[in-house]
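Let's take a walk through this protein together, one pair of residues at a time. Keep the structure open beside you and find each residue as we come to it.

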Amino acid sequence: MIVLGSTSEVAQAFVEKALQEGEKFEKIYLFTSNKETTERFARHIDVKFLQQSEVVELDLMKPIDYNQLEYINSNLLFCATGYLGEDTEEGLYDNKNTERIIDINYSKLVPVMNYFAQKFESRRSGTIIGLSSVAGERGRQSNFIYGSAKAAFTAYLSGLRNYLFDKKVHVLTIKPGFMATKMTEGLPLNPKLTATPKQAADCIFKAYKKQKNVAYVLPIWAIIMMIIRNIPEFIFKKLKL
C-alpha cells in the first residue's frame, strides 16, 4: 500500500482497519513530511500487525526526484494529503497561505498522484483512494480557498476514474464532512455532523471493498450538500455559510 499524507489520523486509521480485516501487503510505503511522527506509526503497525513498512520523506513544497521513487509499487494508493490553512480574513488575503492551500491540496499533489496512476495503468490493476472534501461542492465564504482546491481535486479524481476505468484501475473519491482531527482541533464542530477517524476508516474500507465511485463518510452529508448545491445563487450569496 502507498499512503500519501501518512500523518493523517484518517490515513492511519484506514491502514489499521485494512490490516485488522486481513488485507495483506508486501510493504506499506508511508509518505510523509514529518519523518519522526511517521516512524512511530511504522513501529506501531510492525509490533501490532507484524507489518513491514517503509517511511518515505516527501515534502510537496520542495522539488521531487521521481527517479528515487521508481522502485515503489503497490496495488493500493491511499491519499489523505491535505492542508486547511487559515480561514480568517487575514489568511484569506495572505498569498503565502493561499498558495500553500492550493499547492498541497491540488497543484503539487496531482503530479505525484499521476506518477503512481501511470504505474497502476501499466499494471492494469489497482485502486486509488483520494480524500477530497464536501467543501469542494460549492464555494462558501467560510473556506472558499480551501474549497476551490478540493473542488479541483474532486474533478481530478472524477476524470482519473473515467480515464482509468478501461485500464482496470478503480478510483474512489471520499468526501468527509466535519472530522475530529488535529487539523480541525478548536473549531466549533457539530458533534452530530462530525466523524472520528475510526468512523471514517470503517466507511472508506467498506466503500473500497464494494468498489464505490464516491462515498460520504457520514451519509447525512450527502443530503446536506444536495440542499446546499441547489440553493439559488441570488439567495445563496446572502447566506453566512
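Start in helix 7 (residues 197–209), where Asp202 and Lys198 are four residues apart and therefore separated by about one helical turn. These two form a salt bridge, with their closest N and O atoms 3.2 Å apart. Bear in mind as you look that this is a predicted model. Is Lys198 buried or exposed? Lys198 has a relative accessible area of 55%, and because anything over 50% is called exposed, Lys198 is exposed.

How many salt bridges does a search of the whole structure find? The search finds 15. Let's visit one that reaches across the sequence. Lys175 forms a salt bridge with Glu137, and the closest N and O atoms are 3.3 Å apart. Lys175 sits in strand 6 (residues 170–175), while Glu137 sits in the loop between strand 5 (127–131) and helix 6, so this pair ties together parts that are 38 residues apart in sequence. Lys175 has 11% relative accessibility and counts as buried; Glu137 is buried too, with a relative accessible area of 16%.

Glu137 has another partner to show you. Arg229 forms a salt bridge with Glu137, and here the closest N and O atoms are 2.3 Å apart. This pair links distant parts of the chain, since Arg229 belongs to helix 8 (residues 220–229) and Glu137 to the loop between strand 5 and helix 6, 92 residues apart. Arg229 counts as partly exposed, at 39% relative accessibility.

Lys175 now leads us to helix 6. Thr154 is found in this helix, which covers residues 144–164. Which residues does Thr154 touch, leaving aside its neighbours within four places in sequence? With those neighbours left aside, Thr154 is in contact with Ser132 and Lys175. Thr154 is buried, with a relative accessible area of 16%.

Next, look for the rings. The structure holds 10 aromatic pairs. In one of them, Phe14 and Phe78 are stacked, 4.5 Å from centre to centre and with 15 degrees between the planes. This pair links distant parts of the chain: Phe14 is in helix 1 (residues 9–20) and Phe78 in strand 4 (residues 76–79), 64 residues apart. Phe14 counts as buried at 0% relative accessibility, and Phe78 is buried with a relative accessible area of 0%. Together with Phe205 and Tyr208, Phe14 and Phe78 form one aromatic cluster.

Some rings have a charged residue over the face. Lys167 lies over the face of Tyr163, at 3.9 Å from the ring centre, and Arg100 lies over the face of Tyr83, at 5.0 Å from the ring centre.

Our last stop is Phe41 in helix 2 (residues 35–49). Phe41 counts as buried, at 6% relative accessibility. Leaving aside its neighbours within four places in sequence, Phe41 is in contact with Gln12, Val15, Glu16 and Leu30. How far apart are the C-alpha atoms of Phe41 and Glu233? They are separated by 45 Å, and the two residues are 192 residues apart along the chain.

Definitions and conventions:
Residues are numbered from 1 along each chain as its sequence is written. This is a predicted model: local features need pLDDT of at least 70, side-chain atom pairs count only at pLDDT 80 or more; totals for chains, interfaces and linings use all residues. Side-chain values use heavy atoms; hydrogens and water are left out. Helices (H or I, at least four residues) and strands (E, at least two) are DSSP runs, numbered from the N terminus. Buried means under 20% relative accessible area, exposed over 50%, partly exposed in between (1.4 Å probe, protein chains only). Contact means heavy atoms within 4.5 Å. Rings of Phe, Tyr and Trp (its six-membered ring) pair if their centres lie within 6.5 Å; planes under 30 degrees apart count as stacked, over 60 as edge-to-face and the rest as tilted. A charge sits over a ring if NZ of Lys or CZ of Arg is within 6 Å of the ring centre and within 35 degrees of the ring normal. A salt bridge is a side-chain nitrogen of Lys or Arg within 4 Å of a carboxyl oxygen of Asp or Glu.
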